[in-house]
Amino acid sequence: QVRLVESGGGLVQAGGSLRLSCAASGRTFSMSAMGWFRQAPGKEREFVAAINWSGGSTYYADSVKGRFTISKDNAKNMVYLQMNSLKPGDTAVYYCNKVDWGSWAVFGSWGQGTQVTVSS
């Protein structure tokens with residue numbers, strides 16, 4: 001079972017940047033594709049970005065393409081989400097999880113998430 005702890009959220013003005021981190025436990029992390037998801041108030045949780053097990057392939061939701069960058073450090077069991085040119089619409093709780101590459105189906109429990117608030 002992978003345990004996930006997200007951090008790095010905060011309050012930022014529109015146009016600003018944040019870097020989210022996800023610390024994952026578990027021996028299979030280095031062989032796992034990982035993804036970032038977000039849930040805004042009153043909305044369903046949605047897919048944001050994913051990275052394959054080696055870090056060699058990435059995929060983004062259209063809404064964040066060109067602004068967000070996902071990366072993975074297998075030596076540290078960490079996944080990151082660099083978020084630039086933030087918009088008020090990016091306001092949400094952000095979560096990471098192990099995913100199935102291509103379907104973005106998640107495996108395991110969700111962490112507590114990290115709150116990102118973008119002011120206009």
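These are my notebook entries on a few spots I looked up in this structure.

**Entry 1: ground rules**

I am working with a predicted model, where local features need pLDDT of at least 70, side-chain atom pairs count only at pLDDT 80 or more, and totals for chains, interfaces and linings use all residues. Residues are numbered from 1 along each chain as its sequence is written, and side-chain values use heavy atoms, with hydrogens and water left out.

**Entry 2: an open sheet**

I began with strands, which are DSSP runs of E with at least two residues, numbered from the N terminus. In which order do the four strands of the open sheet come? I read S1-S3-S8-S7, with antiparallel pairing; two strands pair if DSSP finds at least two bridges between them. Strand S1 (4-7) and strand S7 (68-73) are the edges, since each pairs on one side only. From one strand to the next, the twist averages 15°. For that angle, axes are lines fitted to C-alpha atoms, and angles run from 0 to 180 degrees between N-to-C directions.

**Entry 3: strand S7 and its partner**

I then followed S7 over to S8, and found six bridges in the antiparallel sense. Serine 71 has tyrosine 80 in S8 as its bridge partner, and aspartate 73 stands opposite methionine 78 in S8.

The two strands make a hairpin with four residues between them. In that turn I noted asparagine 77, whose phi is positive at about 55° although asparagine 77 is not a glycine.

Lysine 72 has one more detail: its charged end sits over the ring of phenylalanine 29, 4.4 Å from the ring centre. A charge sits over a ring if NZ of Lys or CZ of Arg is within 6 Å of the ring centre and within 35 degrees of the ring normal.

**Entry 4: arginine 38**

Is arginine 38 buried or exposed? Its relative accessible area is 6%, so I marked arginine 38 as buried. Arginine 38 lies in strand S4 (residues 33-39). Its side chain makes a polar contact of 2.6 Å with the side chain of glutamate 46 and another of 3.0 Å with that of tyrosine 94. A polar contact is a pair of N or O atoms within 3.5 Å; within protein, one must be able to donate a hydrogen and the other to accept it, and residues adjacent in sequence count only if both atoms are side-chain atoms.

Not counting residues up to four places away in sequence, arginine 38 also touches others, including Val48, Phe68 and Asp90. Contact means heavy atoms within 4.5 Å.

**Entry 5: the loop between S8 and S9**

Threonine 91 is in the loop between strand S8 (78-83) and strand S9 (92-99). What does the side chain of threonine 91 reach? I found the backbone oxygen of proline 88 at 3.0 Å. A polar atom of that side chain also lies 2.9 Å from the backbone nitrogen of valine 118. Leaving aside neighbours within four places in sequence, threonine 91 is in contact with Ala40, Gln115, Val116, Thr117 and Val118.

Serine 85 lies in that loop between S8 and S9 too. Its phi is positive, near 50°, in a residue other than glycine, and at 41% relative accessibility serine 85 counts as partly exposed.

**Entry 6: aromatic rings**

I found seven aromatic pairs in the structure. Rings of Phe, Tyr and Trp (its six-membered ring) pair if their centres lie within 6.5 Å; planes under 30 degrees apart count as stacked, over 60 as edge-to-face and the rest as tilted. I picked tyrosine 95 and tryptophan 110: their centres are 5.7 Å apart and their planes at 70°, so the pair is edge-to-face. Tyrosine 95 is buried at 11% relative accessibility, whereas tryptophan 110 is partly exposed at 29%.

Both belong to one aromatic cluster formed by Phe37, Phe47, Tyr59, Tyr95, Trp101, Trp104 and Trp110. The charged end of arginine 45 sits over the ring of tyrosine 95, 4.4 Å from its centre.

Note on methods. Buried means under 20% relative accessible area, exposed over 50%, partly exposed in between (1.4 Å probe, protein chains only).
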